[in-house]
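The sequence and the structure come before the comments.

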Amino acid sequence: MIPAFEYSDDNKRYHTYGCYLKHRFGQRVFRAAMDIGAGCPNRCGECGSHGCVFCSDGRTPRGRFTGISDNELDRLFREAAVRTGSKAEGAPFIAYLQAGSNTFGDIAAFESVYRRLLSYDNVAGLCIATRADCIDGQYAELLAGLSRETYLTVELGLQTIYDETALACGRGHTLGQFMQGYELLRERGVNLGVHIINGLPGETHDMMRETARFVGQLRPHCVKIHDLYFERGTAIAEMLSRGEAAPMELDEYVSVICDQIELMPPETVIARLTGDGDRRKLIAPEWSLHKILVLNEIDKELAARDSFQGKMFDRQENVF
Ligand code: SF4
């Protein structure tokens with residue numbers, strides 16, 4: 001079969017994470033999410049107390065990270081390894097620190113976690129999720145050093161480039177603050193991932209496209225894009241019940257996300273295009289439970305357009 005796109009082995013018209021990892025490591029590599037107990041400044045009062053309106057993290061708000069015992073980390077690792085092993089026995093995985101802001105707290109304690117995870121035999125790399133306002137010069141230096149030793153990605157939540165939307169969603173930081181953290185890492189050569197949410201309250205399709213165009217110009221290593229979904233117990237669910245927010249329809253989501261894929265550099269890895277909500281808590285949209293259906297609709301739309309990732313990316317533009 002002739003691939004439909006230069007960064008694809010199959011019919012995909014965008015650069016999937018699976019394809020990237022297979023080429024980089026020469027075999028399948030999985031990601032295993034681990035929660036080491038990192039906190040969030042937007043939930044513990046440092047830049048906000050209520051969290052983002054869509055945050056489903058109902059845990060007792062955690063403050064700055066102070067450390068985790070080796071035994072506890074070993075236990076989390078074993079559990080993650082078992083989850084990964086159930087997909088492909090013996091396959092290596094990327095240890096993914098997904099929950100909370102994994103650079104918010106004691107830098108020595110975090111470095112100890114990063115290095116212990118990397119010392120395990122079947123860990124092929126590290127993915128660290130955090131907020132850009134939790135990156136300073138010291139963390140940037142630490143992460144730059146680690147990225148010279150291993151495959152490291154730092155994932156930063158942006159969600160939107162519009163400060164008025166971010167304010168309405170209780171994000172607790174602005175685009176300017178995001179860019180400061182992003183730049184500290186980018187100038188040191190760290191692989192960066194950016195997270196976008198479509199369908200935030202008050203946003204038009206043009207605004208969602210403009211966020212993607214801007215993010216594409218940041219030339220990130222990877223992006224994660226998904227729809228806004230409404231889970232019981234979140235502030236956004238209350239906004240839904242008051243008519244202050246609404247779920248996107250599947251066809252409009254597919255149309256917007258195909259536009260966004262076209263605006264990404266072809267080499268940027270698309271790590272996610274669908275939501276990953278808790279099906280026991282999900283209120284809407286119902287279609288977001290059906291990942292394969294959504295991905296198939298995206299494939300069909302790109303094929304119908306005879307389009308692919310990067311078709312509308314302007315390599316001459318420079319936001320830095
Ligand atoms: S930054 Fe992440 S963990 Fe913190 S409140 Fe927002 S969604 Fe929740």
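1. In this predicted model, I94 stands opposite G125 of strand 3. The two strands concerned, strand 2 (residues 93-97) and strand 3, pair in the parallel sense, and the pairing extends over 5 bridges.

2. The link between these strands also deserves a comment. Strand 2, helix 3 (residues 107-119) and strand 3 together make a β-α-β unit, and this unit is right-handed.

3. Strand 3 also pairs with strand 4 (residues 151-159): the two run parallel and are joined by 6 bridges. Within this pairing, T130 has L156 of strand 4 opposite.

4. What unit do strand 3, helix 4 and strand 4 make? With helix 4 (residues 137-149) as the helical element, strand 3 and strand 4 form a β-α-β unit that is right-handed.

5. Is strand 3 mostly covered or mostly uncovered? Strand 3 spans residues 123-130 and is mostly covered, with 8 of its 8 residues buried.

6. Turning to the ligand, the residues that surround it are C40, N42, R43, G51, C52, C55, R131 and R171. By class, this shell comprises 3 nonpolar, 2 polar and 3 charged residues.

Conventions
Residues are numbered from 1 along each chain as its sequence is written. This is a predicted model: local features need pLDDT of at least 70, side-chain atom pairs count only at pLDDT 80 or more; totals for chains, interfaces and linings use all residues. Side-chain values use heavy atoms; hydrogens and water are left out. Buried means under 20% relative accessible area, exposed over 50%, partly exposed in between (1.4 Å probe, protein chains only). Helices (H or I, at least four residues) and strands (E, at least two) are DSSP runs, numbered from the N terminus. Two strands pair if DSSP finds at least two bridges between them. A crossover is right-handed if, with the strands pointing away from the viewer, the path from the first strand over the helix to the second runs clockwise. A residue is near a molecule or strand if one of its heavy atoms lies within 4 Å of it. Ala, Val, Leu, Ile, Met, Phe, Trp, Tyr, Cys and Pro count as nonpolar, Asp, Glu, Lys and Arg as charged, and the others, Gly among them, as polar.
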